[in-house]
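These are my notebook entries on a structure I looked up. I recorded the annotated positions and their surroundings.

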Amino acid sequence: MKSFLNRTDQWALFLNIMCLLLLPGDVRVRSQVGFESERRGSHPYLYVDFRGLVLAAPSTESVSPWGCRCCRPLSFQRRLAVSPSLLCPSSRLTLCFLDDDYAGQAKCMLRKVGSWDFDIFLFDRLTNGNSLATLTAHLFNQYGLIELFQLDVIKLYRFLVLIQEDYHSHNPYHNAVHAADVTQAMYCYLQEPQLSSSLTSCDILLGILAAATHDLDHPGVNQSFLIKTNHHLASLYQNTSVLENHHWRSAVGLLRQAGLLEHLPVEDRQNLEMRLGSLILATDISRQNEYLSQFRSHLDQDDLNLQNSAHRHLVLQMALKCADICNPCRPWELSKQWSGKVTEEFFNQGDIEKKHGLEVSPLCDRQLDTVPNIQTGKMY
Ligand SMILES: [Zn+2]
């Protein structure tokens with residue numbers, strides 16, 4: 001589908017939209033319609049309900065068991081989906097004024113987006129909690145993906161807001177800031193000279209999309225928890241890569257809901273969705289050895305050929321896996337903060353397990369475990 005705006009108009013609109021994302025007022029509006037106050041005081045497990053998850057865009061008019069008009073009780077963004085700002089973003093653009101102090105500093109940081117010491121926590125503060133949407137939009141622009149794939153900027157904006165809001169902000173670790181951090185790390189890897197000279201635009205699009213969506217709708221508990229509590233997602237995915245399958249399906253659902261790729265031929269779209277799944281599924285740490293031995297075998301035989309698309313895909317899988325667990329390799333000040341966050345999430349799971357009389361998972365006991373043993377345990 002051809003866009004209704006020319007490139008200059010699209011780009012001006014895109015910039016305005018990103019300004020809108022940076023507006024404190026926008027954050028305030030969202031918090032008013034969100035679930036934060038309803039969630040307060042309870043843990044994700046107590047209200048996690050993925051049953052509304054379907055690949056097709058669900059109706060926004062359905063009534064939840066809690067009586068509120070939304071299609072997924074946990075999905076804050078489903079209300080956003082029917083907000084006037086998304087249905088008619090141009091109507092708000094004239095009201096949009098950039099906060100020069102913060103946006104200027106955020107823009108300044110983006111000049112060094114390829115640096116390994118990029119402080120994603122600072123960037124998140126400077127963008128009013130919109131680090132994932134802002135960073136991903138910046139990378140799409142930097143690589144010229146909007147033009148190359150003839151993307152509609154309104155749909156792109158809608159998609160980026162949807163994915164950002166589908167991360168659970170109350171998760172200490174698996175939230176949108178982690179996704180933004182992984183996306184930034186992925187960008188660093190994609191910039192590696194040997195790799196960057198071989199990548200196609202499709203590889204880049206998938207690499208960024210996979211990084212941004214790889215933990216979508218993460219409930220803040222791990223797979224073994226879902227299995228031992230007989231969560232329906234564990235049954236749905238037959239106890240195999242339960243979370244990763246859910247992240248992938250959620251990403252596909254949001255891609256379709258936003259209609260971001262709907263102008264592409266069906267085969268291309270399906271191919272992109274499958275490859276996206278293959279990348280996200282590679283982040284399953286329990287299948288680590290599978291990928292490592294495959295990669296090691298290529299290195300041993302010295303037959304890795306980046307002109308071969310299957311080989312490039314394997315390298316992208318490895319890059320995403322590395323980006324996902326790169327926290328300990330970041331500068332100490334950043335690494336230390338991530339350690340605290342992942343520990344807090346593990347302990348929260350342990351607290352729920354104790355509360356429900358379940359066996360406490362390894363490294364999840366706040367009375368027995370410590371930050372150092374969790375870091376060395378590499379559970380996640
Ligand atoms: Zn992750």
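I count a residue as buried if 20 or more other C-beta atoms lie within 10 Å of its own, as exposed if 12 or fewer do, and as partly exposed in between, with C-beta atoms placed from the backbone. The model is predicted, so I required pLDDT of at least 70 for local features and pLDDT 80 or more for side-chain atom pairs, while totals for chains, interfaces and linings use all residues. Residues are numbered from 1 along each chain as its sequence is written.

Entry 1, annotation. I found that UniProt, in an unreviewed entry, lists His174, Asn175, Ala176, Val177, His178, Asp215, Asp324 and Gln375 under "binding site". Its positions follow the numbering used here, feature names are shortened, and annotations may be inferred rather than shown by experiment.

I located Ala176 in helix α13 (residues 176-190); helices are DSSP runs of H or I, at least four residues, numbered from the N terminus. Ala176 is buried because 24 other C-beta atoms lie within 10 Å. Beyond residues up to four places away in sequence, Ala176 touches Ser131, Leu132, Gln164, Tyr167 and Ser169; contact requires C-beta atoms, placed from the backbone, within 7 Å.

I located Gln375 in helix α23 (residues 371-377). Gln375 is partly exposed, as 17 other C-beta atoms lie within 10 Å. Its contacts, leaving aside neighbours within four places in sequence, are Pro328 and Ser339.

The buried residues include Asp203, Ile204 and Thr213.

Technical notes. Helix = DSSP H or I, 4+ residues; strand = E, 2+ residues; numbered from the N terminus. Contact = placed C-beta atoms within 7 Å.
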